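Student: I have a model open beside its sequence, and I would like to learn how to read it feature by feature. Could we go through it slowly, with the general idea stated before each case?

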Amino acid sequence: MAGRWQSTVERVFHAPRELVWAIVSDTNRVDRAVGLAVPRYEWLHEGGKSLRLAKATDLGIALEWIEPPYQWAEGHFVRGLRRFRKGPVNEAGFEVTLKDVPEGTEVTGNLY
C-alpha cells in the first residue's frame with residue numbers, strides 16, 4: 001500500500017497581505033518558480049461533464065491530469081488539486097493560507 005506524502009512550510013513576510021496575496025495567488029508564476037513543467041490544457045468531455053485536462057512532460061515522464069477549478073477566498077487562501085491519469089502518483093494538491101500577524105503576513109503552504 002502506498003503512503004501519503006505531505007509537507008508544510010510557514011513563513012512570515014514583512015509585507016501587507018494584499019501584496020503577498022498578489023504573489024502567492026499567481027499560481028502559474030509559482031509553478032514556474034518551483035520548476036514545474038508548463039502544461040498544455042484542453043477540455044475533455046466525459047459523461048456529460050466538461051473536465052480540464054492537462055498534459056506535460058517533467059523529468060522525461062509523461063504526465064496527464066484532471067484539474068478541477070481552484071478554490072479560493074481572495075486574500076485568505078487558495079487550494080488546488082490534480083488527479084493524475086498518467087504519471088507516478090494518483091493525486092497531488094496544495095493549499096496556501098494567509099494570516100495577518102504583527103510583523104506582516106504569515107503564509108502557510110501545504111503540499112500533499
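This is a predicted model: local features need pLDDT of at least 70, side-chain atom pairs count only at pLDDT 80 or more; totals for chains, interfaces and linings use all residues.

Student: Does L53 count as buried or exposed?

Tutor: The general idea is to compare the relative accessible area with a cut-off, and buried means under 20%. L53 counts as buried because its relative accessibility is 4%. Leaving aside neighbours within four places in sequence, L53 is in contact with R40, Y41, E42, L44, E64, W65, I66 and R85.

Student: What pLDDT does the chain average, and where in the chain is confidence lowest?

Tutor: The chain averages a pLDDT of 94, and 98% of the residues score at least 70. Confidence is lowest in helix α2, residues 27-33, where the mean is 92, and highest in strand β1, residues 7-13, where it is 98.

Student: Which residues make up the largest nonpolar core?

Tutor: In soluble globular proteins, nonpolar side chains tend to be buried together. Here the largest such core holds nine residues, namely A15, V20, W21, V24, V78, F94, V96, L98 and V107. Two elements, α1 (17-24) and β7 (91-101), each supply at least two residues of this core. A second, separate core has six residues, including A37, A56, W65 and F84.

Student: I would like to turn to charged residues now. How many salt bridges does the count come to?

Tutor: Side chains of opposite charge can pair when their charged atoms come close. The count comes to twelve salt bridges. One of them joins the side chains of R29 and D26, at 3.5 Å from N to O. R29 is exposed, with a relative accessible area of 61%, whereas D26 is partly exposed, at 30%.

Student: Which parts of the chain does the pair of E42 and K55 link?

Tutor: The side chains of E42 and K55 meet in a salt bridge of 4.0 Å, N to O. This pair links distant parts of the chain, with E42 in strand β2 (residues 40-46) and K55 in strand β3, 13 residues apart. E42 counts as partly exposed at 38% relative accessibility, and K55 is partly exposed as well, with a relative accessible area of 25%.

Student: What about E67: where does E67 lie, and is E67 buried or exposed?

Tutor: E67 lies in the loop between β4 (61-66) and β5 (71-73). E67 counts as buried because its relative accessibility is 3%. Apart from neighbours within four places in sequence, E67 is in contact with Y41, R52, L81 and R82.

Student: Which of those residues meets E67 in a salt bridge?

Tutor: The side chains of E67 and R82 meet in a salt bridge of 3.1 Å, N to O. E67 lies in the loop between β4 and β5 and R82 in strand β6 (residues 77-86), so the pair ties together parts that are 15 residues apart in sequence. Both E67 and R82 are buried. Salt bridges that share partners join D31, R52, E67 and R82 into one network.

Student: Finally, how many aromatic pairs are there, and how should I read their geometry?

Tutor: The general idea is to look at the distance between ring centres and at the angle between planes, where an angle over 60 degrees counts as edge-to-face. The count comes to two aromatic pairs. W65 and F84 form a tilted pair, 5.5 Å centre to centre with 55° between the planes. That pair links distant parts of the chain, W65 in strand β4 and F84 in strand β6, 19 residues apart. W65 and F84 are both buried.

Student: And what is the geometry of the pair formed by Y70 and F94?

Tutor: Y70 and F94 form an edge-to-face pair, 5.3 Å centre to centre with 75° between the planes. Y70 is in the loop between β4 and β5 and F94 in strand β7, 24 residues apart. Y70 counts as partly exposed at 24% relative accessibility, whereas F94 counts as buried at 18%.

Conventions. Residues are numbered from 1 along each chain as its sequence is written. Side-chain values use heavy atoms; hydrogens and water are left out. Helices (H or I, at least four residues) and strands (E, at least two) are DSSP runs, numbered from the N terminus. Buried means under 20% relative accessible area, exposed over 50%, partly exposed in between (1.4 Å probe, protein chains only). Contact means heavy atoms within 4.5 Å. pLDDT is the predictor's confidence in each residue, from 0 to 100. A nonpolar core is a set of buried Ala, Val, Leu, Ile, Met, Phe, Trp, Tyr and Cys residues joined through side-chain atoms within 4.5 Å. Rings of Phe, Tyr and Trp (its six-membered ring) pair if their centres lie within 6.5 Å; planes under 30 degrees apart count as stacked, over 60 as edge-to-face and the rest as tilted.
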